[in-house]
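Visitor: I am new to protein structures. Please show me how to read one, feature by feature.

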Amino acid sequence: MRTLAHLSDLHFGSEDPEVVAGLLEDLRAEAPSLVVVSGDLTQRARRAQFRAARAFLEALPAPWLSVPGNHDIPLFDLARRMLSPLGRYRRFVGHEDQAWFRDEALAVVGLNTARADRWKHGRVEEEQAETLRRRLRALPDEVFKVVVTHHPFVPPPREDAPPIVDGAAHALAAAEACGVDLMLAGHLHEGYTADVRDHHLLRRSILVAQAGTATSHRRRMEPNAYNLIAVEPARVRFDVRRWTGEAFTVHQSTLYLRNGERWQRAH
């Protein structure tokens, strides 16, 4: 079994220092196998904000993998936004094309969906779908495969048709062909789980987990939270850990079991 701590939308520059300290304390206690950050490490892609984000990453008690979000691209500095949109992200965090983790039981691929030409909404390019195929296609079936993006592939349950990432169809086709089990994202500051087949025409069941904002005061109807995910080849448990004002504790647990090609929620 492996455990993933799925954090998103840290938004350093609008972070709550007490929540940041509580999150690090909780992660040390839970000791995940890998920490995944699904974008928006900063609020406005400024150097000081990236320095704070980097210090947080270096304080994590486990290996980490991150992808950029739209807030990690400058908004008001138009010259930097067009000429070097991810320059600071690459300097302080790492190259977005190198978001990759693999051990004998787990493989995680990060895809950058943030785009300078459409600052808020994201896109997956066809060559990124090929990256998925190249990284994951040859791995054994018993390896649990995860894809991480900032922008969502599945809308929240309370909305009928909010924007999802452009290019979802060819990315999901690649994910299905490679046997991807789980897709992680953020952006909406709202946590939920789903099966992509509830919204897309696929044969293979792929679980989706969205995370709220882990550390920012820019919350949307939900407290600060993150997902602690225990994964096995035929079993996934999602624990939503929410900030109570004093500590992160389990707010909700959801268990999925694989039945052939389908993930089914356990009752």
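**Burial, charge pairs, a helix and a sheet**

Guide: Buried means under 20%, exposed over 50% and partly exposed in between (1.4 Å probe, protein chains only). This is a predicted model, where local features need pLDDT of at least 70 and side-chain atom pairs 80 or more, while totals for chains, interfaces and linings use all residues. Numbering starts from 1 along each chain as its sequence is written, and side-chain values use heavy atoms, without hydrogens or water.

Visitor: Which residue forms a salt bridge with Arg2?

Guide: Side chains of opposite charge can pair when their charged atoms come close. Here the partner of Arg2 is Asp103, with the closest N and O atoms 2.9 Å apart. The rule asks for a side-chain nitrogen of Lys or Arg within 4 Å of a carboxyl oxygen of Asp or Glu. Asp103 sits in the loop between S4 and S5 and Arg2 in strand S1, so this pair ties together parts 101 residues apart in sequence. Asp103 also counts as buried, at 19% relative accessibility.

Visitor: How many salt bridges does the rule give?

Guide: The count comes to 15. Another one joins Arg241 and Asp26, whose closest N and O atoms are 2.7 Å apart. Since Arg241 belongs to strand S11 and Asp26 to helix H1, the pair ties together parts 215 residues apart in sequence. Arg241 is buried at 8% relative accessibility, and Asp26 is buried at 9%.

Visitor: What should I look at in helix H1?

Guide: Try its span. Helices (H or I, at least four residues) and strands (E, at least two) are DSSP runs, numbered from the N terminus. H1 covers residues 17–30, 14 residues in total, and reaches 20 Å from its first C-alpha to its last, close to the 20 Å expected at 1.5 Å a residue; that expectation is 1.5 Å times one less than the number of residues. Just after H1, Ala31 has a positive phi of about 50 degrees.

Visitor: Which residues of H1 are buried, and what covers them?

Guide: Val19, Val20, Gly22, Leu23, Leu24, Asp26 and Leu27 are the buried ones. Their cover includes strands S1 (2–7), S10 (225–232), S11 (235–243) and S12 (248–259), together with helix H2 (47–59).

Visitor: Asp239 is in strand S11 too. Is it buried or exposed?

Guide: Asp239 is buried, with a relative accessible area of 8%. Leaving out residues up to four places away in sequence, Asp239 touches Tyr226, Asn227, Leu228, Val250, Gln252 and Ser253, where contact means heavy atoms within 4.5 Å.

Visitor: In what order do the six strands of the open sheet run?

Guide: The order is S4-S5-S6-S7-S9-S8, with mixed pairing. At the edges are S4 (100–102) and S8 (192–195), each pairing on one side only. Two strands pair if DSSP finds at least two bridges between them. S4 and S5 (residues 106–110) pair in the antiparallel sense over three bridges, and Phe101 has Val108 in S5 as its bridge partner.
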